[in-house]
Amino acid sequence: MPASLRHRLHEAFVRWALRVRPPEATPIVLTQRRVYVLPTRAGLAYATALGVILLGAMNYNLSLGHALVFLLAGLGIVAILHTFRNLVLVSIRPGRCEPVFTGGLAQFDLVLQNQRPDARTSLRLFIGEGVPLEIDIGPHASSVATLDLPALRRGWLPMPRLTIETTWPLGLIRAWSCAVPDLKCLVYPAPATRAPPLPWGGDSAQGSTRDGRGADDFSGLRNHQVTDAPHHVAWKAVARQQDGPLLTKLFFGAAAEQIWLDWDALADVTDAEQRLSILARWMIDADAAGLAWGLRMPSLRLAPDNGAAQLCTGLRALALHEHGAH
Amino acid sequence: MARIDRPVSRRQAWWLLAGAVATCLPLAPQFPLWLALAAAAALSWRAALTWRQWHLPPRWLLVMLVIAGTAGVFLQYRTTLGRTPGVALLVIFLALKLLELRTARDAVATALLCYFLILGQFLFTQTIPTALLACLTLLITTAALLAASDDRPEPQQQLRRAGLMLAQALPFMLLLFVLFPRVQGPLWGIPQDRFSAVSGLSDTMSPGSIAQLSQSDAIAFRVKFKGETPPQSQLYWRGPVMPSFDGRNWRVTQTLGAYAEVPYTGLGAPVDYEVTLEPHGKFWLFALELPATLPAESALTSDYQPVARQAVRNRLRYTQRAWPEAIAGINEARNLLGAAVELPKDGNPRIRAISAAWRAQHGDDSAAILAAAENFFSRQLLIYTLNPPLLGADMVDEFLFDTRRGFCEHFAAAFVFALRAAGVPARVVAGYQGGEVNPVDGYLVVRQYDAHAWAEAWIAGRGWVRVDPTAISAPSRISGNLADAVPAGEALPFLARGDLAWLRELRYRLDAVSNGWNQWVLGYNPQRQRDLLASLGLNEPDWRNMTAILSVLCGAVMLGLTAWILRNRLRVDPALAAWRRFTARLARRGIAWQPWEGPQAFAERAARQAPMHAAAIGEIAALYARVRYGPAPQAGELIRLKARISAFRP
Amino acid sequence: MRLPELDAILADINRIILGKERPVRLSLACLLARGHLLIEDLPGVGKTTLAHVLARVLGLDFQRIQFTSDMLPADVLGVSIFDRDSGAFHFHPGPIFTQVVLADEINRATPKAQSALLEAMEERQVTTEGKTRALPEPFFVIATQNPTHQIGTFPLPESQLDRFLLKVELGYPDAAAERELLAGADRRQMVAALVPRIAPQQLLELQERVRAVHASPALIDYVQILAAHTRTAPHWQAGLSPRACLGLLAVARAWALLDGRDHVLPEDVQAVLPGIIGHRLRPMDDTARTDPHGVAAALIEAVPLP
């Protein structure tokens, strides 16, 4: 059978087998109905060997030969049951899936749960044509399987069809099943490697100081005034310069620097993706600098803020820019 | 299928090596020394490779070794076909395959070769010890196959799992063994080397040929009588009949397949029995005199000897009926009778003279001549011994008049000679006499040392009459056994000696086990299968309904095993089990318990939905909460909870 | 076997904080479980009153610290002031040296000031200028923070939030409660008129009793799988920490004791769960900030009882 035809038949079968329109409701339980059992190549060789042994036993009228071949045939059947048992009723829940940048590896976490009091051994999971990941699940335990998929385009990257299979214990039988867990990965645009410097000043500048750091930084001393809070008195400085006046410590009290990252400011960059990349780079740089930043997009406006949450929100907006599906 | 290319780990290599050793070791005695040593060297090499983690030998070297091994086998056996050379080749392949264990694919191939070689063992012997040894090999090889998939478990765990899986495979084996439609082999020609050295009667008899057998305690056949076991003196197991005499050797000259049915009539009560014949490589089947029926695939020769269509190369079982008293050959063909008086022209003058005297005295009255001959033999005071002296050219004369010591073949040969010299048709019958009943299983065991020869004389009006000249001189040989008949001090086969009672007892037991093994395991053939199925009420089953029955039963076992394998061994908390019963009852009333719902919350909700049961629900929920979540719940509370739930009828 | 003193305390508080039985009960459970409380709500809904009332009925000292952006750690912890007469430094304890501290608008202060408070909270002692001073026992911090993102605030990072055992939201009172509030007596006077229901020693005993409430293996299993679910499910950026699990169990114990039980039921865990996860689990989907009760309900329904 040519490989392409076999592939097409397999695909057709999987489509039929999955019946439920993906993605599926969680948890996905691999019930008896959706676990399929087929011999592996080793299993076919085993069956052939049994046939030859049977012929030999018949020809030489070897009763023990018959017994041997029948015991091995029984072993084959038992292997089917054990392999089937190893996979059946595993339940799959979608796990975490952190956003990644385009060009990175999307990592889909799946939580595989084993309700049974004995372990499941050597389950292999793979998506698409990927490298199989082999995991065990302990008795009454769950394991997290992390499957990698290159993230090629920004936006939502849904988890492709998962194949889970096992040939344990004898390697003669392959039990397999398919599932489409409801899991998608948010792919941010890749931050541009070469980007214009952060848009300080201009029409977007509201702050005035450039260092924009926290407000608790010491900036200097001045003579104490009655209205100054007693805890701002620089006691140590006072102690040093004997008979001198009381001094008060001064701090930057201003709010952190604010900048605006503006889609329209990049009008000279024609490629929309390139613009998104540059914006992503700016966000990351601004966040690293501890700035409060806002985002202006054609369809969205994000108030200036700092912190991880703001970065997530901003990158997400970039990822889903004119992407349709939310 | 990415796994098949996984390299073989060290642990897997050890396992496969263990499997190969377990497979090859029992076969070693079958091979010439060079081959055994070569295999041992290859296995040791493998062990060193694994131990030292050296690189595998290059492929060209292995190809050379395979060629060398094949050539060696060919030089040894002059063929590569047949049993021993075939198995030898497989051993070489296995040993060399171990040296190129690269991927999981090689590991599986090695394990399959090991399985195959277990069959090789059975080609040579199928005794109980062989079977036990094969079980061990099977266990190790299966563990090696398990390790080929997952090499992490410890060896004991691996063996335990292999044992468990094999144990689970047993029901299938039993079903298939009993019900799988059996085909009588061979399917194609079997090279003859399988039957080179089997002891037993031959188709010629010369002085000393049977005495030689008397040193063997190998089993010739076993007999199970349907009714009473006939007296020892009646147990004449008819074997090859030898009417032709050349002065020294008696020979078989029978016309094969002369009769499809017995040409004589029986008198008195018939005896029914079943024979399990050990393979002896000849065509004849042994039957109690005289056979009234013929086993399947056999015919009766002109001298009433049942012969099989094919040489008996496998243990053969047949049921038989005998007429201990039968009148046979009253109208015997003239040419046969003529042949039965032929003697060489000269030799043995003394007995010829005596026979001539009988002839002169009694004329054609062959009965009287027979009586005279018997009388003569008893007067000669002949001695029955296992060590008769060597005889010269006039064997009969020397035996009767000079040495007077002989074994049964001497007696029979001399007697037939005497009768023929007197003109009475007579012939030598070889076979077995007597046998020993094993009190453990009731089988009569006939061994090679029970081999015997006697005479048959043709008397007008009575047909062929059996005369046992040995019985005339040594009646205890016939009524008792060999040990009773020979003088004390003569070397007897170990098992024929009667002086060690415990040994005898032990032998009986071992023999009964071995017989059961032969009968039910090794002797389970198409015939026995048909008989068994018939006894189960399934007459004349064809392969189609046998397959159907087999599938149904296998399916049933599979279902049972599936249930057992998939059973949820979850030990549910007894309180939780009771709670589930309770919620199931409410669910039937349309009040479904959510699996995340705590007992109190559920009780409140249920009480709102079914106010008339509010009190009972509240009490049960409180009890359950206390038993399941409370500190140190008392046993009484659990019982109370169960009782309340049992009594709860929403 | 409900404890009358606890019922009396709850009744007292509920007389003043109207229509907020559940947050009140949670707050009390939090204190009984020896945890610190974070109240996130708009100004004026009674956060301060709640803290005040709690301190009064439990018979504890009370201090309020208003957090501002120019606040220094010393403003919380205290400073050593040079005494010219004696020629030595004297430690002037900060407002934190009290049994109940109300840290108002904690997210207005700079991270430095915040961390000074939070470290003291965690260790129940203050270290300044190389000297360690123990905080009074019992010691509670009731912090409030504004929910809206405002310029110039310093939202507490998750690691710091984890130190608060519970977060409760008071919310606007319902119409009936608000009417009663408007028609009723002045809250300030009512607070002032409150008499302590228990002595501090009794409070410590109650805390001991909370610790003695039985949590059966089945219940601990439940807490464990709840936590495991939060760690693996895709809805949150990080799961519950072991400290959060300990806290969950502790509050559930207190909740059971308030209910008059000597053992914890799954219901107790479920009841306190919103307060535990509200400030700990950050939704993956940042745009959809769901209320903690909805998140907790979804979590509860996703995890069957073992």
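1. Burial in chain A. Of the 326 residues of chain A, 40% count as buried. Keep in mind that this is a predicted model. Chain A holds six helices and 17 strands. Take its contacts between residues at least 6 apart in sequence: 68% of them join residues at least 24 apart.

2. Confidence in chain A. The mean pLDDT of chain A is 80. A value of 70 or more is reached by 78% of its residues. Among the elements of chain A, helix 3 (residues 63–87) has the highest mean pLDDT, 93. Strand 13 (residues 218–223) of chain A has the lowest, 56.

3. Where to read chain A with care. Over residues 202–216 of chain A, pLDDT stays under 50. The model still gives that stretch 27 contacts beyond four places in sequence. Residues 252–256 of chain A also stay under 50. For these residues, the model has 16 contacts beyond four places in sequence.

4. The length of helix 5 in chain A. This helix covers residues 272–288, which makes 17 residues.

5. The packing of helix 5 in chain A. Its buried residues include L276(A), I278(A), L279(A), W282(A) and M283(A). R275(A) and R281(A) are also among the buried residues of this helix. Which elements do the buried residues pack against? They pack against strand 12 (184–188), strand 15 (258–262), strand 16 (292–297) and helix 6 (308–319) of chain A. Just after helix 5 of chain A comes G290(A), with a positive phi of about 75°.

6. Where chain A meets chain B. Here 40 residues of chain A are in contact with 49 residues of chain B. On the chain A side, helix 2 (41–59), helix 3 and strand 6 (120–127) each supply at least two residues. Helix 3 of chain A gives the largest share, 17 residues. By class, the side of chain A that touches chain B has 26 nonpolar, twelve polar and two charged residues. Look back at point 2: helix 3 of chain A is also the element of that chain with the highest mean pLDDT.

7. One residue in chain B. T50(B) sits in helix 2 (residues 33–52) of chain B. Is T50(B) buried or exposed? T50(B) is buried, because 20 other C-beta atoms lie within 10 Å. Leave aside its neighbours within four places in sequence, and T50(B) is in contact with R10(B), A13(B), W14(B) and L17(B). T50(B) and L99(B) are 49 residues apart in sequence. In space, their C-alpha atoms are 9.9 Å apart.

8. A sheet in chain B. Five strands of chain B form an open sheet in the order 11-7-2-17-16, with antiparallel pairing. Which strands stand at the edges? Strand 11 (316–322) and strand 16 (436–437) of chain B do. Each has a single partner strand, so one side of each is left without a neighbour in the sheet. Strand 16 of chain B pairs with strand 17 (residues 444–447) of chain B over two bridges, in the antiparallel sense. V437(B) has L444(B), in strand 17 of chain B, as its bridge partner.

9. Chain C in brief. Chain C has 13 helices and nine strands. Of its 306 residues, 45% count as buried. Among contacts in chain C with a separation of 6 or more, 77% come from residues 24 or more positions apart.

Key
Residues are numbered from 1 along each chain as its sequence is written. Chains are lettered from A and ligands numbered from 1 in the order in which they are written. This is a predicted model: local features need pLDDT of at least 70, side-chain atom pairs count only at pLDDT 80 or more; totals for chains, interfaces and linings use all residues. pLDDT is the predictor's confidence in each residue, from 0 to 100. Helices (H or I, at least four residues) and strands (E, at least two) are DSSP runs, numbered from the N terminus. Two residues are in contact if their C-beta atoms, placed from the backbone, lie within 7 Å. The expected span of a helix is 1.5 Å times one less than its number of residues. A residue is buried if 20 or more other C-beta atoms lie within 10 Å of its own, exposed if 12 or fewer, and partly exposed in between; C-beta atoms are placed from the backbone. Ala, Val, Leu, Ile, Met, Phe, Trp, Tyr, Cys and Pro count as nonpolar, Asp, Glu, Lys and Arg as charged, and the others, Gly among them, as polar. Two strands pair if DSSP finds at least two bridges between them.
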